[in-house]
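Student: I have a structure open and would like to learn how to read it. Could we go through it one feature at a time?

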Amino acid sequence: MNRHISGIAAAGVAALAATALGGCTASNSHHVVAAPAAKAPVAPAYAPVLDPGSEGVDDATGTATITGGSARPIRLTATKSAPSQIAVDAAGHYTVQLAMHGAGGVFSLAGPAAVGSVSGDKVSVVEPSSGLYVDTATQGSTCTVAYTTVSEARVAGTAACPAEINGKRLNIRVVFSVIPMRAHVTHG
Amino acid sequence: MLRKLALVAAVVSGTFVLPALPTQAAPTGGCPYPPSRPVLALTVSPTTVVAGHGEVVFGQFSHNNCGIGHAAIAVQRRLIVDGSPSGSWTTIRHVTTSSKGIFVIARSSIHQEELRAVFTKAGAFPTTTSAAIPVSVLEHITAHVSTVAPCRVHISGSTYPAKAHRRVLIQNRGAEGHFHGWSNVWTATTNSHGDYSTTHRLTCNRTYNLSMWIGHDATDRGNRTNTWFGVKPSRHA
């Protein structure tokens, strides 16, 4: 899978950690294969969204921009060393797992993807500097996810999440886009 | 490659550790009214991760929706074996919440596990534990694909963590945008170091879209490589 590891994303993640803590005092047959992946018996909110055994799954890189929390937009990335994933099943249904990190925050999105509004996707957003913390799985947050493009070649859309920081109501908006990392054949 | 992965894992999980200070100030903040217990929330991004890839664990310690700053938080893990929690909780990191009650750590998982955060009674705040968040960890399998005349394909790669003497399925699919499931083409087997290497003759001038799959074991979920689209073996180099 061409998962070449570099320290770039790790550095971004580290910078985020530093930001968060800054200021603290302290065989040959051809047949369709059934899904063989093991799944842990976990609560539905945490059931794995990807099934690489039966789906076409590709790592993807991309960007996301968070607005509405901090004074300035926060730009995040998914890189080779910390990629997102685009998956498609045999029926043509798409699933995404996006995880974008940067010095200013984190954005995660996991669940079914289709052009238009989708309900039930899990969304989490954190901006340590502003105190923004959204998690539809644990915080009871509600986010609206709308996809503008969904294909094996690109997934893009927006997530809108009402949030509250110190009693102040905010409208958090995250614009995201990812494209798959394509592996290249060499000719010997 | 495995050494590089191990190094990155060490970097992600080690270098960037920002431990709690030896002498902790008493936790401060939170909104005292109405009377209620503080809440320790925890999020893992992403919750399905490839072994050795980085993940971010973050959370917030709050009281009536107001962050509690300067609180010492222990992030703990417990392994999941054969789909069930196994063993006891082990503290992997100590962190201190920011003035807004938020903490963030970067790490990487190698095996299936669950994570939780624990605040131990200090100041006015009682011992508080977050929900346990399962982290689904996929085996990391790599591949290099090359065509070799006449009409053969050579594939080599590795697994992380190393899976010795395991079967790797080389599978084919439809073109991009036309996925109808995976078909087995041939198989390879990993050696004692978890590496594999295989050469196989295919139909000349036919286009293949190949991915390599390794199944699950007790501690890691199965996973596949990205797809090599347009692999077309020919008679001539």
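Student: Is N205(B) buried or exposed?

Tutor: One caution to begin with: this is a predicted model. N205(B) has 10 C-beta neighbours inside 10 Å, so it counts as exposed.

Student: Where is N205(B) in chain B, and what is its phi?

Tutor: N205(B) sits in the loop between β17 (195-201) and β18 (208-214) of chain B. Its phi is positive, about 65°, although N205(B) is not a glycine.

Student: What is the phi of H165(B), and which loop holds H165(B)?

Tutor: H165(B) is not a glycine, yet its phi is positive at about 55°. The loop lies between β14 and β15 of chain B.

Student: How is chain B divided into domains?

Tutor: The domain assignment gives domain 1 (20-138) and domain 2 (140-231). Taken over C-alpha atoms, the centres of these two domains of chain B are 38 Å apart. Their contact takes 11 residues from domain 1 of chain B and 8 residues from domain 2 of chain B.

Student: Which element gives the largest share of the domain 1 side?

Tutor: Strand β11 (residues 133-138) of chain B does, with 3 residues on the side of domain 1 that touches domain 2. Sorted by class, that side of domain 1 of chain B has 6 nonpolar, 4 polar and 1 charged residues.

Student: Why look for nonpolar residues in the interior?

Tutor: In soluble globular proteins, nonpolar side chains tend to be buried together. Here the largest nonpolar core has 73 residues. Those with the most contacts inside this core are F107(A), L109(A), V125(A), V134(A) and I73(B). A second, separate core has 19 residues, including I155(B), A188(B), Y196(B) and M212(B).

Student: Which residues does I73(B) touch?

Tutor: Leave out residues up to four places away in sequence. I73(B) then touches F61(B), V95(B), T97(B), F103(B), A117(B) and F119(B).

Student: How many helices and strands does chain A have?

Tutor: Chain A has 1 helix and 12 strands. Read along the sequence, the pattern begins with α and continues with β elements. Of the 188 residues in chain A, 51% are buried.

Student: What is the mean pLDDT of chain A?

Tutor: The mean is 81, and 76% of the residues of chain A reach 70 or more. A mean should be read together with the local values. Over residues 1-12 of chain A the pLDDT is below 50, and this stretch has 39 contacts in the model beyond near neighbours in sequence. Residues 21-41 of chain A also stay under 50; the model has 59 contacts for them beyond four places in sequence.

Terms used: Residues are numbered from 1 along each chain as its sequence is written. Chains are lettered from A and ligands numbered from 1 in the order in which they are written. This is a predicted model: local features need pLDDT of at least 70, side-chain atom pairs count only at pLDDT 80 or more; totals for chains, interfaces and linings use all residues. Domain bounds come from an automatic or database domain assignment. Two residues are in contact if their C-beta atoms, placed from the backbone, lie within 7 Å. Helices (H or I, at least four residues) and strands (E, at least two) are DSSP runs, numbered from the N terminus. Ala, Val, Leu, Ile, Met, Phe, Trp, Tyr, Cys and Pro count as nonpolar, Asp, Glu, Lys and Arg as charged, and the others, Gly among them, as polar. A residue is buried if 20 or more other C-beta atoms lie within 10 Å of its own, exposed if 12 or fewer, and partly exposed in between; C-beta atoms are placed from the backbone. pLDDT is the predictor's confidence in each residue, from 0 to 100. A nonpolar core is a set of buried Ala, Val, Leu, Ile, Met, Phe, Trp, Tyr and Cys residues joined through C-beta atoms within 7 Å.
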